[in-house]
Amino acid sequence: MGTLQLLLVVVGVVVVGIAIVVGTNIFGSNSEEANKDAITQDCLRMVSAAEGYFRKPSMLGGGNNRFDNINMSHLGMNEGASPLETENINGKYTITKAAEAVLEVTGASLRNPKSMVVVSIDMTATTEKRMIVDYQNW
């Protein structure tokens, strides 16, 4: 009878160990996906604000149909180390391209800086192809 109880304890410990490993893996993948979604949402919000800046006349603080002088404060974000960079709990964001009618914002994960979301907007393109979202190393 003692051998059977010992066997049941060992089997129970193995089953609990496997359940813990599986639960940790599921939580890790969900956490990474949530981070990716949060960075995407931040980038889309910034690009949406940039579109408003683009259309606003320069005498009202806008770009007068240009992205040339845009910075993070125009996108509703606090400026970081430079006017083109900022950081929050989701990631680090950079305006990587700002020329005439094209803007590109890159958001890099703080957990894995190689995992990036790149959102670009071309105001000369048709409405369907104006905004592009690209995921790198996710």
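1. A salt bridge is a side-chain nitrogen of Lys or Arg within 4 Å of a carboxyl oxygen of Asp or Glu. In this predicted model, such bridges link Glu51, Arg55 and Arg130 in a network. A search of the whole structure finds four salt bridges.

2. On the basis of the note: this is a predicted model, in which local features need pLDDT of at least 70 and side-chain atom pairs count only at pLDDT 80 or more, while totals for chains, interfaces and linings use all residues. Residues are numbered from 1 along each chain as its sequence is written, and side-chain values use heavy atoms, with hydrogens and water left out.

3. The secondary structure comes to one helix and five strands, in the order α-β-β-β-β-β from the N terminus on. Helices (H or I, at least four residues) and strands (E, at least two) are DSSP runs, numbered from the N terminus. The chain has a radius of gyration of 23 Å, well over the 14 Å that the globule rule gives for 138 residues, so it is more spread out than a compact globule. The radius is taken over C-alpha atoms, and the rule is 2.2 Å times the number of residues to the power 0.38. Along the principal axes, the C-alpha atoms fill a box of roughly 90 × 35 × 20 Å.

4. Of the 138 residues, 29% count as buried. Buried means under 20% relative accessible area, exposed over 50%, and partly exposed in between (1.4 Å probe, protein chains only).

5. Now the network in detail. Arg55 pairs with Glu51, their closest N and O atoms being 3.2 Å apart. Because these two residues are four apart in helix H1, about one helical turn separates them. Glu51 also meets the side chain of Arg130 in a salt bridge (3.8 Å, N to O). This second pair links distant parts of the chain, since Arg130 is in the loop between E4 and strand E5 (131–136) and Glu51 is in helix H1, 79 residues apart. Arg130 counts as buried because its relative accessibility is 17%, whereas Glu51, at 22%, is partly exposed.

6. Another salt bridge joins Arg66 and Asp68, with the closest N and O atoms 2.4 Å apart. Arg66 is partly exposed at 35% relative accessibility, and Asp68 is partly exposed at 32%.

7. Which residues touch the most other members of the largest nonpolar core? They are Phe67, Ile70, Leu75 and Leu103, in a core of 21 residues. A nonpolar core is a set of buried Ala, Val, Leu, Ile, Met, Phe, Trp, Tyr and Cys residues joined through side-chain atoms within 4.5 Å. Two or more residues come from each of H1, strand E2 (91–99), strand E3 (102–109) and strand E4 (116–122). H1 gives the most, with seven residues.

8. Leu75 is in contact (heavy atoms within 4.5 Å) with Arg45, Met46, Ala49, Ala50, Ile70, Ile95 and Val105, leaving aside neighbours within four places in sequence.

9. Asn64 lies in the loop between H1 and strand E1 (85–87) and is partly exposed at 44% relative accessibility. Not counting residues up to four places away in sequence, Asn64 touches Tyr53, Phe54, Lys56, Pro57 and Ser58.
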